[in-house]
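I opened this model to keep a record of what I looked up in it. The entries follow in the order I made them.

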Amino acid sequence: MDTLEADVVVVAAGASGLAASIAAAEGGAKVIAFEKGSTTGGTGNMGMGPLGIESRHTRAKNFKPTKDEAFEIFMDYTHWRVDAKLVRAYLNKSADTIRWLEDMGVEFVEPASYFATAYPTWHLVKPTTGRPGPMASGTMMKIMTDRAKELGVKINLQTPAEKILKEGSQITGVIGEDKSGNPVQVNAKAVIIATGGFGDNPQMVKKYTGYELGKDMYSFRIPGLDGDGIRMAWEAGAARTEMTMEMIYNMPDHMSLPPQLHQAFRQPHLLVNLQGERFLNEAIMPNATFTGNAIAIQKDRCAFTIFDEDIKKQMESDFDFRDFVFPVTLFENADDTIKGVLAQGYPHLFIADSLEELAKKTGIDYEGLSKTVETYNQACVKGYDDLFNKAHRYLRPLKTPKFYAGRHFASAYGTLGGIKINHKTEVLDKNWDVIPGLYAAGTDACSIYGDSYVFILPGNTMGFALNSGRIAGENASEYIKTIGQ
Ligand SMILES: Cc1cc2nc3c(=O)[nH]c(=O)nc-3n(C[C@H](O)[C@H](O)[C@H](O)COP(=O)(O)OP(=O)(O)OC[C@H]3O[C@@H](n4cnc5c(N)ncnc54)[C@H](O)[C@@H]3O)c2cc1C
């Protein structure tokens, strides 16, 4: 067996693990990282950027919120059911972390808000080529990986960690397996867990959140996110937290759909459940978390956006809602696009000559649907939606065949929570005492949102990953100076 010596072992080199490795190495620690994948970055490669509050970018534009306002927004939103000191520590550090990343060479464009009622806290990474878009944050992961290596961090790829080693209450290292299947042990005084949650582990998702992947939950499944770190921490005595999905909504396999079709079904058209009833003010659909929540409590956790020929024609010249991730502004080549997707046998898109036929094809109750459409069309004529007060400008009647429907399901960016930490990211045991030398960061330890992702302050999970990782690295490097001398 290979046995190596370090001050701090970081379990994983995703967004939080890289931040932890760099911060610990900057604090003078000798750092070794275990990474299961063949590349670094994890889910951190997928997105567009982290949150920053009162960064130099937001201050230059006088963008709100301030740190104090952000803290109040956060705690109001979560009803104070979350660790206020951890939230405060994270938000207060976030501007400095943006600067820290810029000092490494990461570039950000002007901060954005994900949707109109969110705050512009989302610091979009400028990729090496092209505009900020999906996977732009991969550029940041690459820069962070280079910085970690420059500081002497040894990153062992394709080397999953398996067990945290402990003697009495003292953390002594980590054991894992290299790509040839040989055991690797790293002896260290401190361990930081950062394995990104359990989003690709159907059993854990079912057991801890109640969802069935591919049946009533169509989330992003990032290979390797099997809940390893959570399991290892629990085995080492860590207390558990609530575990949830980072809820959004989507048509299944949406990344392979033409973006203009995907966006056409995310506009504020009539949205009904299998009973044919409305259950949401469709104007709030850009808040994907709220919409996901509402869909998740419908029958079979699905819902259908429906529009008619006239609405389709309007979308051919403009969409109501624009999206940063998929920056399409209209339903280009609508007929050909729909035809193409249907020809591929995509099972969540429907087209019919009548509402009755649409009900048959989708499984929506026809009686329910026809009543809803009648009432909805009356509301469109009146100009007032007395059911949910949807804004007048989005009230468009459904009367001109053909009718189109897209089926949405609850979806998620990943999972949230598992390991109980305090505001210093120290892992707590079942007595809520600190397990000396054990830290956790990122998604494995992210239980600061309560029941719903705080999407109104966008960039939140990557922001938490980077900031909690950095806090963990700083504290671990300080901790090792205090023991064993
Ligand atoms: C499509 C998409 C877009 C997103 N966009 C954004 C965005 O713009 N802004 C935002 O705030 N958030 C975004 N997110 C979420 C954000 O990327 C994650 O919250 C963040 O990356 C979590 O960081 P992490 O370090 O906890 O996990 P990850 O970044 O996923 O890293 C976990 C790492 O652990 C490794 N690992 C797992 N098990 C082991 C083991 N046993 N041993 C060693 N290594 C192991 C994995 O291989 C992986 O590299 C997005 C997510 C998705 C899916």
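Entry 1, terms and source. I call a residue buried under 20% relative accessible area, exposed over 50% and partly exposed in between, using a 1.4 Å probe and protein chains only. The model is predicted, so I kept in mind that local features need pLDDT of at least 70 and side-chain atom pairs count only at pLDDT 80 or more, while totals for chains, interfaces and linings use all residues. Residues are numbered from 1 along each chain as its sequence is written, and side-chain values use heavy atoms, with hydrogens and water left out.

I looked up D353 and found a relative accessible area of 46%, so D353 is partly exposed. D353 sits in the loop between β12 (349–352) and α12; helices here are DSSP runs of H or I with at least four residues, strands are runs of E with at least two, and both are numbered from the N terminus. Which residues does D353 contact, leaving aside its neighbours within four places in sequence? I listed P401, K402 and F403, where contact means heavy atoms within 4.5 Å. The C-alpha atoms of D353 and K402 are 4.8 Å apart, although 49 residues separate the two along the chain. K402 belongs to the loop between α13 and β13 (403–416). The peptide bond joining P401 and K402 is cis, with omega of about 10°.

K64 and P65 are joined by a cis peptide bond with omega of about 5°. P65 lies in the loop between α2 (56–60) and α3 (67–78). For reference, most peptide bonds are trans, and most residues other than glycine have a negative phi.

Phi of W80 is near 60°, a positive value in a residue other than glycine, and W80 is in the loop between α3 and α4. W80 has a relative accessible area of 52% and therefore counts as exposed. Phi of D253 is likewise positive, near 60°. D253 is in the loop between β9 (244–250) and α8 (259–264), and its relative accessible area of 59% makes D253 exposed.

Is L274 buried or exposed? Its relative accessibility is 12%, so L274 counts as buried. L274 is in the loop between β10 (270–272) and α9 (288–296). Not counting residues up to four places away in sequence, L274 touches K299, D300, C302, F304, T362, G363, I364 and D365. The C-alpha atoms of L274 and D300, 26 residues apart along the chain, are 8.0 Å from each other. I then went to D365, in the loop between α12 (355–362) and α13. D365 is partly exposed at 40% relative accessible area. With residues up to four places away in sequence again left out, D365 touches L274, Q275 and G276. Its C-alpha atom is 8.9 Å from that of N273, 92 residues away along the chain.

I found E374 in helix α13 (residues 366–382). E374 has 51% relative accessibility and so counts as exposed.

How do the axes of helix α4 (residues 84–104) and helix α5 (residues 137–150) lie? They come within 9 Å and cross at roughly 70°. The axes are lines fitted to C-alpha atoms, for helices over the stretch in contact, and angles run from 0 to 180 degrees between N-to-C directions. The two helices are therefore roughly perpendicular, a term for angles of 65 to 115 degrees. W100, L101 and M104 of α4 meet M140, I143, M144 and R147 of α5. Of the residues in this contact, six are nonpolar, none polar and one charged. Nonpolar covers Ala, Val, Leu, Ile, Met, Phe, Trp, Tyr, Cys and Pro; charged covers Asp, Glu, Lys and Arg; the others, Gly among them, are polar.

I counted 14 helices and 15 strands in the chain. Of its 485 residues, 59% are buried. Among contacts between residues at least 6 apart in sequence, 73% join residues at least 24 apart. The C-alpha trace spans about 80 × 45 × 40 Å along its principal axes.

Methods. Parallel < 35°, antiparallel > 145°, perpendicular 65-115°, else oblique.
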